[in-house]
Amino acid sequence: MRIYNTLTQQKEAFKTLEPGKVRMYVCGMTVYDYCHLGHARVLVAFDVVTRYLRHRGYDVHYVRNITDIDDKILRRADENGEVYTDLTDRMIRAMHEDEAKLGVLSPNDEPRATAFIDDIIAMIQKLIAGGHAYAADNGDVYFAVESFPDYGKLSKKKLEDLVAGARVDVQEAKRSPADFALWKAAKPGEVSWQSPWGEGRPGWHIECSAMSTKCLGDTFDIHGGGPDLMFPHHENEIAQSECATGHTFVHTWMHAGAIRVNKEKMSKSLGNFFTIREILEKYPAEVVRYFLVSSHYRSQVDYSEDNLAEAGRTLTKLYHALRGIVPAKEVDVAETDHDRRFAEVMDDDFNTAGAIAVLHAVANDINHYRREGDEEAAKRSAAVLVRLGAVLGLLQQNPEAFFQADTGSELTAQDIEAMIQARADARKAKDFAEADRIRDDLLEKGIILDDSREGTTWRRSQD
């Protein structure tokens, strides 16, 4: 099994610190607003990583943190006229709702920064004692970047360039422009905690170092996150963690690719910024997940109406293969060539695009066996499709539930069933013009009818 390590910029054979066990930390949300599509990209990517590692037999301890104290949080709470904990609690509930809809499994641990203040303070004290941090005259505590010779090893940035290009706020009391805050002195009326340096709160970077090492140890296997976190956040995590513990912080660094909208970077300033909730109002959650999974986790993903519609159409093909068939029992289905090919592509840095191609090959087998009248072979292949789909978090619904899921249509299931019955009555009375009118009316409203010898079934269009 090989994983692309951002630190070395190459694929490496994956070796765990402990045989059979994986310790993984992923930077989670700063909970001041609803999760957006970029967050969904990271949530789904590392959900697939977790699912596949467990599929391969690893005991995975997955930690994904929550940043629940931050400048943005305090600013938004002040704008809303509410206590900051009310804001963060509400946004955490919304995040859990969004990830559940997308089929994202809960992490083993979900530490909140505010529950680790003592650990954060203890780590800062270690850094000061080791000559890697200093308390400034303004009540802040800063990490001395120049004390860590390897600074820049993840992002490949040179310290001299960072110092030359840095801008220092007049309120800061840094010794060097590249130094960053570990502890921030509280402003009047601002939420704070007592520390050896006075009332204040932690900086963002130190939170993740304290939480990850507390949950997983001084060194762990995988650290992941979004593409925008490599610098400065992850670079700073490495520096402060390795200076505090004296050990290598992380063996493998993984970063998901960026989201673009109509070939432009997604941003609020361009007005092309979408929350998960906004997208799920228009598209079924599994279609959105399929859209994200069908691209390699490191690649850029171009979000567009056309691409979501295409994801809906291709996922529909997989569910069509499963429609009207009861998969064989798992114990009755031995490993197949498709299982082996699936493992081969996923072992190659979690190549989900290749894995999706395997799913479609299995679906083609199902369709072939059904045409040939070999129902038992079709059932065995259906079991393989469901089994492999589960590794990607796909194809776990009853096909009828997928086809008939209501995403805001003006017609309820009862309305549709009544119209299908009216069409059947019209056909029985040989009023084929009326039957065709009902069918066309349903199609115009996004309802597709499928006639067979067993009767008429229906599905909502995924376009």
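Visitor: With which residue does Asp 451 form a salt bridge, and how far apart are the closest N and O atoms?

Guide: Side chains of opposite charge can pair when their charged atoms come close. A salt bridge here is a side-chain nitrogen of Lys or Arg within 4 Å of a carboxyl oxygen of Asp or Glu, and Asp 451 forms one with Arg 423, the closest N and O atoms being 2.9 Å apart. Asp 451 lies in strand β14 (residues 447–452) and Arg 423 in helix α15 (residues 413–428), so the pair ties together parts that are 28 residues apart in sequence; helices (H or I, at least four residues) and strands (E, at least two) are DSSP runs, numbered from the N terminus. This is a predicted model, in which local features need pLDDT of at least 70 and side-chain atom pairs count only at pLDDT 80 or more, while totals for chains, interfaces and linings use all residues. Residues are numbered from 1 along each chain as its sequence is written, and side-chain values use heavy atoms, with hydrogens and water left out.

Visitor: Is Arg 423 buried or exposed?

Guide: Buried means under 20% relative accessible area, exposed over 50%, and partly exposed in between (1.4 Å probe, protein chains only). Arg 423, at 6% relative accessibility, counts as buried, whereas Asp 451, at 38%, counts as partly exposed.

Visitor: Which residues are linked with Lys 184 in a network of salt bridges?

Guide: The network links Lys 184 with Asp 71, Glu 190 and Arg 201. Within it, Lys 184 and Asp 71 form a salt bridge whose closest N and O atoms are 3.3 Å apart. Because Lys 184 lies in strand β7 (residues 180–185) and Asp 71 in helix α2 (residues 71–80), this pair ties together parts that are 113 residues apart in sequence. By the rule given above, the count comes to 35 salt bridges.

Visitor: Turning to the nonpolar core, which residues touch the most other members of the largest one?

Guide: A nonpolar core is a set of buried Ala, Val, Leu, Ile, Met, Phe, Trp, Tyr and Cys residues joined through side-chain atoms within 4.5 Å. Of the 128 residues in the largest one, Leu 53, Phe 342, Phe 350, Leu 359 and Leu 392 touch the most other members, and helix α1 (residues 37–55) gives the most to this core, with 11 residues. A second, separate core of nine residues includes Ile 416, Met 419, Ile 420 and Trp 458.
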